[in-house]
2 protein chains.
Amino acid sequence: MALIVQKFGGTSVADPAKIKAVAERVLRTKKQGNQMVVVLSAMAGETNRFVDMAGQMQEQPDEREFDVLLASGEQVTIALFAMAVKGMGGDAVSLLGDQVKIVTDSVHTRARIKSIDTSLINKHLKENRIVVVAGFQGVTEADDLTTLGRGGSDTTAVALSAVLKADMCEIFTDVEGIYTTDPNVYAAARKIDRITYDEMLELASLGAKVLDIRSVGMAKRYKVPLHVRSTFTENDGTWVVEENKNMESMLVSGVTYSRNEARITISKIHDIPGIASKIFTPISDAGVVVDMIIQNTRAGEMTDMTFTVPRTDYKKAMDIVRNLDIAGPDQVSGSEEIIKVSIVGVGMRNHSGIATTMFHVLAREGINIHMISTSEIKVSCVIDEKYTELAVRALHDAFSLEKDNQPEEE
Amino acid sequence: MALIVQKFGGTSVADPAKIKAVAERVLRTKKQGNQMVVVLSAMAGETNRFVDMAGQMQEQPDEREFDVLLASGEQVTIALFAMAVKGMGGDAVSLLGDQVKIVTDSVHTRARIKSIDTSLINKHLKENRIVVVAGFQGVTEADDLTTLGRGGSDTTAVALSAVLKADMCEIFTDVEGIYTTDPNVYAAARKIDRITYDEMLELASLGAKVLDIRSVGMAKRYKVPLHVRSTFTENDGTWVVEENKNMESMLVSGVTYSRNEARITISKIHDIPGIASKIFTPISDAGVVVDMIIQNTRAGEMTDMTFTVPRTDYKKAMDIVRNLDIAGPDQVSGSEEIIKVSIVGVGMRNHSGIATTMFHVLAREGINIHMISTSEIKVSCVIDEKYTELAVRALHDAFSLEKDNQPEEE
């Protein structure tokens, strides 16, 4: 008998018929002799409806009240889901974030989980019920409702898996799993059967949207085996697991890209101690997250500084830089027409030449590299946006990702 | 400085624009130097939407889960309302039933309040906030959500008024107050300025729909001055208050009627001890509430028994009676085409002849009386349904209800 946590997102529970279909599926897994904890999001569309109504109330909706509003969405789905299970002859009980006692800090709209009380869930599991938990929500020690922000229901599912010591955490979504690259960009993209937490972390941080980075990090920390799979098929999806020896033969697991990039360059500034701090402190104070930074040495005392920011923050960052007292208007330039393409793979650790191959492939296609950033298991290059698809396809082919280069395992 | 509890029903908060209008009104009363507690229902239409979805999940929706589902409705309105107040520069905080600790018994969908913790509300009032409480909902000692059933938000408002020792409890609705009779039936109906708890209890139990009888009973018990008024005007509505000397000059306060009536007659049965028990025990066991009972003595050992039940339970009650082993099929008759018309007034206590006037008026109009029931402050007659409007108008005129027969007070 396994203890399985299953999470279904908003598109999987978008209407009563879909909720019933999911309930039937969960009940089937239960009947195979498993203990089941189900984590649900709000019905797709509800959040937009709430955001719209809140916007009519207050220009910048109060965050405490916004959380109260949003949390009502999961309350609806867990109640309907529990009814659906009972309607099919099963037994289920719905639990809200505050009933489980998913205690968070008090940072509304993006709270972090501090502790989870497992006693009520374990009681219901022992009584053979399917436990249906509201995703995305928690409660502060002062009993205020909170929500967990982007990817919040995934976080709930992984956190519950960790504290309950579940055998697996299954994240159901509208795609079949994690792909070697975006199938919309390159049809040769292949579903990955198995990937390490570290690779998944890099993929998530570099633009892959299926799993939120916070959930992956938590899964890694607590060694929760994650299974990302489709709500609409019975096929196995992608397992996100701990690294093992067999996996090291994978050189590159995937190619990913992010369009949310913009570049700012300040040229010919005086290269004096403290110049970086002078530039980046006000940017960071404004809440803009700087990604890559490159400083080129010029002859003499002058230097060029180039960095990337989220495209959505480009104008804000540009204004800050222009108002700095370090460069004239003609020394500041930038572009919103760049993207970051990355290759990720744990195999890079033990194989030299992966980065070189990437640079060579891009050069062969006539794609100029503006910036490079590397870590132990990834290489990222900033290139012109118009080359996105070309670069993804060329790299996917060069590393033979269309072939299953993963060893068979247990 | 007064402490005022104001309750707004679903039609008053049916959409974002209405919620803002109500917020503005509450804020205005706050700015006049009052402490404000606001109790809100779910947006009109939400409950129907929930009932519909629940019905798709399970033929007879699980009551615990149904309460979880329904309770999400008020959660939406209190959050939006608090945002609206803040958007207008005021300060407000929303509180759910379980946050206030409105503790109820565990009879789902029609729970009764056992206790309310005032500490959190008082804390926020002291900090000068408008406290926005979700109506209709509570929480059991085991931390399960409950709802209070019909008129639940009124009950929340009156109960909060009682424990907070509020100066008044204002129930906002889509009519101007309590009328001498149904204005849809007789345009001469007049809004009553002031009425006693006892009269209101009779009116509510005899068919008037504006206030639920449970809230009125609670208001009487805790001496909460109730003010029933319109959301859409600034006019005073109807005050429901304790009886005082001046009021005794009112002979009749109102004429009301109920169409949810049906009559069953069992004729020529043996008048032996225990016959009433034999008839009414199975009916009561089936959950049917019998209202009026009349037993006519016949010559010899035979008797006729007539009683009324809610029209919605007529068929159920008929089946039970037919299956009793006391009367043949031709001895059982009944009608769904009857109504109960009633006059209510505390003045009856000290004035004889009120009932006689009623009988005389009905007779003059050619209306046959099937059954009569009286209490200290009301007289009810069962008549044929086709005479409803005629009877209401004739009685309204006979007691001059179109004139304000209430004395001026303070």
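Copies are superposed by least squares on the C-alpha atoms of residues with pLDDT of at least 70 in both. On that basis, chain B is brought onto chain A by a rotation of 179° with 0.0 Å of shift along the axis, at an RMSD of 0.1 Å. This is the relation of a two-fold axis. The model is predicted.

**Symmetry and the contact between the chains**

- The C-alpha of chain B nearest the axis belongs to B:Ser72, which is 2.5 Å from the axis.
- Both copies use the same surface, since 100% of the contact residues of chain B recur in chain A.
- Chain A and chain B each give 27 residues to the contact.
- On the side of chain B that touches chain A, the elements giving two or more residues are α1 (16–31), α2 (46–57) and α3 (63–87) of chain B.
- Of these, α3(B) provides the largest share, 14 residues.
- By residue type, the side of chain B that touches chain A divides into 14 nonpolar, 7 polar and 6 charged residues.

**Overall build of chain A**

- The secondary structure of chain A consists of 12 helices and 20 strands.
- Its domain assignment gives domain 1 (3–174) and domain 2 (244–410).
- The centres of domain 1 and domain 2 of chain A, taken over C-alpha atoms, are separated by 37 Å.
- The C-alpha trace of chain A spans about 80 × 55 × 35 Å along its principal axes.
- Among the 410 residues of chain A, 48% count as buried.
- Of the contacts in chain A with a separation of 6 or more, 74% are between residues 24 or more positions apart.

**The nonpolar core**

- In soluble globular proteins, nonpolar side chains tend to be buried together.
- The largest nonpolar core here has 233 residues.
- The residues with the most contacts inside this core are A:Leu80, A:Phe81, A:Val132, A:Val133, B:Phe81, B:Val132 and B:Val133.
- Domain 1 (3–174) and domain 2 (244–410) of chain A each give at least three residues to this core.
- What is A:Leu80 in contact with, leaving aside its neighbours within four places in sequence? Its partners are A:Pro16 and A:Ile19 in chain A, together with B:Met53, B:Ala54, B:Met57 and B:Leu69 in chain B.

- Most residues other than glycine have a negative phi.
- A:Thr109 is not a glycine, yet has a positive phi of about 70°.
- A:Thr109 sits in the loop between β4 (102–104) and β5 (113–116) of chain A, and counts as partly exposed because it has 16 C-beta neighbours inside 10 Å.
- B:Phe136 also has a positive phi, near 75°, in a residue other than glycine.
- The loop between β6 (130–134) and β7 (137–139) of chain B holds B:Phe136.
- Is B:Phe136 buried or exposed? With 28 other C-beta atoms within 10 Å, B:Phe136 is buried, as 20 or more are needed for that.

**Other single residues**

- A:Ser119 is part of helix α5 (residues 119–126) of chain A.
- There are 9 other C-beta atoms within 10 Å of A:Ser119, so this residue is exposed.
- A:Ser119 and A:Leu164 are 45 residues apart along the chain, and their C-alpha atoms are separated by 9.7 Å.
- A:Met348 is located in the loop between β18 (338–344) and α11 (354–364) of chain A.
- A:Met348 counts as buried, having 23 C-beta neighbours inside 10 Å.
- Not counting residues up to four places away in sequence, A:Met348 touches A:Leu251, A:Ile354, A:Glu376 and A:Ile377.
- B:Arg259 belongs to the loop between β13 (254–258) and β14 (262–270) of chain B.
- With 13 C-beta neighbours inside 10 Å, B:Arg259 counts as partly exposed.
- Apart from its neighbours within four places in sequence, B:Arg259 is in contact with B:Ile339 and B:Glu385.
- From C-alpha to C-alpha, B:Arg259 and B:Lys114 are 33 Å apart in space, and they are 145 residues apart in sequence.

Terms used:
Residues are numbered from 1 along each chain as its sequence is written. Chains are lettered from A and ligands numbered from 1 in the order in which they are written. Two residues are in contact if their C-beta atoms, placed from the backbone, lie within 7 Å. Helices (H or I, at least four residues) and strands (E, at least two) are DSSP runs, numbered from the N terminus. Ala, Val, Leu, Ile, Met, Phe, Trp, Tyr, Cys and Pro count as nonpolar, Asp, Glu, Lys and Arg as charged, and the others, Gly among them, as polar. Domain bounds come from an automatic or database domain assignment. A residue is buried if 20 or more other C-beta atoms lie within 10 Å of its own, exposed if 12 or fewer, and partly exposed in between; C-beta atoms are placed from the backbone. A nonpolar core is a set of buried Ala, Val, Leu, Ile, Met, Phe, Trp, Tyr and Cys residues joined through C-beta atoms within 7 Å.
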